[in-house]
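Visitor: Hi! Could you walk me through a few side chains in this one?
Guide: Happy to. Let's have a look together.

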Amino acid sequence: MTWEERLIEAEKVGFFTDEDEELAGSYETCAVGERHHINPKCGTELDRLGMLFNIAVTRGNIDLAWGAYRDIQTAQVEA
């Protein structure tokens, strides 16, 4: 299941699952890893967005998670 599918499902049921929260905690399995297939360099915009996405999911803030997800989709990888 993609993060877009997980976000749509969370909107339907009103919460993220335990699995969603676990997957959001690692760059390998969060929206950053899904989109960019990297662990971003510490302190970069992509790193900040990944942390924001994780916080949003673990706190159950679906709107904030969507915002971070959209920003991750359009973010450029910094060299």
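Visitor: Let's start with Trp3. Is Trp3 buried or exposed?
Guide: Trp3 counts as buried, since its relative accessibility is 1%, and the cut-off for buried is under 20%. Please keep in mind that this is a predicted model.

Visitor: Which aromatic residue does Trp3 pair with?
Guide: With Phe53, in an edge-to-face pair. The ring centres are 4.9 Å apart, and the planes are at 90° to one another.

Visitor: And where do Trp3 and Phe53 lie?
Guide: Trp3 is in helix H1, which covers residues 3–13, and Phe53 is in helix H4, residues 45–58. The pair therefore ties together parts that are 50 residues apart in sequence.

Visitor: Is Phe53 buried or exposed?
Guide: Phe53 is buried, at a relative accessible area of 0%.

Visitor: How many aromatic pairs does the structure hold?
Guide: Two. Besides Trp3 with Phe53, there is Trp66 with Tyr69, also edge-to-face. For Trp66 and Tyr69 the centre-to-centre distance is 5.8 Å and the angle between the planes is 85°.

Visitor: Where do Trp66 and Tyr69 lie?
Guide: Both belong to helix H5, residues 62–74, and they are three residues apart, about one turn of the helix. Trp66 and Tyr69 are both buried, too.

Visitor: OK, new topic: charges. What about Asp47, is it buried or exposed?
Guide: Asp47 sits in helix H4 and is buried, yet it has no salt bridge. The nearest side chain of opposite charge is Arg48, 8.7 Å away, while a salt bridge calls for a nitrogen-to-oxygen distance within 4 Å.

Visitor: So what does Asp47 touch?
Guide: Leaving aside residues up to four places away in sequence, Asp47 touches Tyr27, Pro40, Lys41 and Cys42.

Visitor: And Leu46, buried or exposed?
Guide: Leu46, also found in helix H4, is buried with a relative accessible area of 3%.

Visitor: Which residues does Leu46 touch?
Guide: With residues up to four places away in sequence not counted, its contacts are Val32, His36, Ile38, Pro40, Ile72, Ala75 and Val77. Pro40 turns up in the contacts of Asp47 as well.

Visitor: How far apart are the C-alpha atoms of Leu46 and Ala75?
Guide: They are separated by 6.7 Å, although Leu46 and Ala75 are 29 residues apart along the chain.

Note on methods: Residues are numbered from 1 along each chain as its sequence is written. This is a predicted model: local features need pLDDT of at least 70, side-chain atom pairs count only at pLDDT 80 or more; totals for chains, interfaces and linings use all residues. Side-chain values use heavy atoms; hydrogens and water are left out. Rings of Phe, Tyr and Trp (its six-membered ring) pair if their centres lie within 6.5 Å; planes under 30 degrees apart count as stacked, over 60 as edge-to-face and the rest as tilted. Helices (H or I, at least four residues) and strands (E, at least two) are DSSP runs, numbered from the N terminus. Buried means under 20% relative accessible area, exposed over 50%, partly exposed in between (1.4 Å probe, protein chains only). Lys and Arg count as positive and Asp and Glu as negative; His and the chain ends are not counted. Contact means heavy atoms within 4.5 Å.
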